Amino acid sequence: MADSHNPVTKEPSTTTVLVVPLIDRNQNPSIILLKKDELTVTEEEELEEKLEKLNNFLFLFGFHQSSLTGILISWFSFVIIGVSAPVLILSLLPICSGCEKYQISKFELDILASRSLLSAISLLCMSHNLRKRGIRKFLFVDRYHGHIGKFRKQYIQMIQGFFRLLVMWMLPCFLLKTIREVIRVIYVGHDSWWISVAIMFALLSSWTYSTIISLSASVLFYLVCNLQDIHFAEYKKLLERDTDVTALIDEHLRLRHHLSKISHRFRIFLLSEFLVVTSTQVLTLFRTTEYQGIITAINGGDFAVSSIVQTVGISICLHAAAKISHRAERVASIASQCHALLTSNSPDPSCMRGSKSVGNFQAFANPRRTIPAVFSESDLESLDGIGQPNYTQMASSYNKRQAFVTYLQSNRAGVTIYGWTVNRELISTVFLSELSLILFVLGKTVIFTSQPT
């Protein structure tokens, strides 16, 4: 009896050791859910780390002004580093011996004024939004607005892209500014090289501080738009698989509400930056044309560097706004194509008004009956992440689909500036006007002279 009982008691233990790691690991839902929970916790921690890193960066350059002390420290640092230090250097210290000190100081003070004004606008607008909403609500990655459980990986990638984009544009501009300052130290030296080197590092530090502030604001706006681009890509997938028109309208209302918030929060920043950049280029035009002497890299090289930095900043903002606007407009185009193709391939349009099954659309699944979409080459970028929809999965009735298409056509979403949608037409106008001014300024400032041998 004892021998016959022992195998019974040992068998369950043996079965437990063999079955649990081999079968439950692949088939038991509880273990799979446990792994998903562990992965979710890891992604949540990584997202928190990236947000904290971004928040610390913004705090370092004065964007995080959550208290009166923070506001005072931020603006005091900006006034001292970004404005007072270069003004004192250009006004009080000797520029060079035997050169046109007044004209060089006048040019550089004009450039300093435009750079400081642009940085002040960036700092004021971004700090105001961050102070009112915090970093999560500002980026729409909080648990309510952003569906954070579904898009953690995309959020992490986009936040990492913020720093990559900032470095990608900041580094070449910094190299140009450094080359210009080195040229001035070489050809316009002081009695002491230590003074020349100290002036160069002080001017480079002030320029870097102000330029990072202005470019960070532009890249931050680019990040906000790119995070919304994730949701529009998901909405395209929702159009393919969801037949509930009410759910589609509710989700589109949410996305449109987010774009309205973005437009409201950034319209002052976008408009002010555009006006400052345009007025700066016009001022540069007058300064360079009224000057009777030769403008070289020594006395006017900062004009070229300043123009490049300002053009990069406004281009980043306009590109981000136009990109998300075209994404939003593309949604209406997809829905219109679905509705038109489903209606034209139905044997009896009257049957579609009451039918909710996919049986009437089997003929449409034939590849020979499909109508290919034709897009221009300029539309390719706006179609990234939004491919051809799966029309067979939209099986709503005719009336519902017609109402949905009418709603989308009447409620086009996008980033607006006081009612003006930032799209391709507006970009073309801005690009032509700015490009004409910039090319004229560079043609007047970048001059290569050769002395006769």
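**Ground rules.** I worked from a predicted model, where local features need pLDDT of at least 70, side-chain atom pairs count only at pLDDT 80 or more, and totals for chains, interfaces and linings use all residues. I number residues from 1 along each chain as its sequence is written, and side-chain values use heavy atoms, with hydrogens and water left out.

**Cysteines.** I looked for disulfides (a pair of cysteine sulfur atoms within 2.5 Å) and counted zero. I then looked up burial (buried is under 20% relative accessible area, exposed over 50%, partly exposed in between; 1.4 Å probe, protein chains only). Cys225 is buried at 2%, and Cys317 is buried at 1%.

**Helix α10.** I took helices as DSSP runs (H or I, at least four residues), numbered from the N terminus. Helix α10 covers residues 398-410, 13 residues in all. Its expected span (1.5 Å times one less than its number of residues) is 18 Å, and I found its end C-alpha atoms 18 Å apart, which agrees. On my list of its buried residues are Tyr398, Arg401, Phe404, Val405, Tyr407 and Leu408.

**Ser127.** I found Ser127 in helix α4, residues 101-139. Ser127 is buried, with a relative accessible area of 1%. Which residues does Ser127 contact (heavy atoms within 4.5 Å), leaving aside neighbours within four places in sequence? I noted Gly62, Phe63 and Gln65.

Definitions and conventions
Helices (H or I, at least four residues) and strands (E, at least two) are DSSP runs, numbered from the N terminus. Contact means heavy atoms within 4.5 Å.
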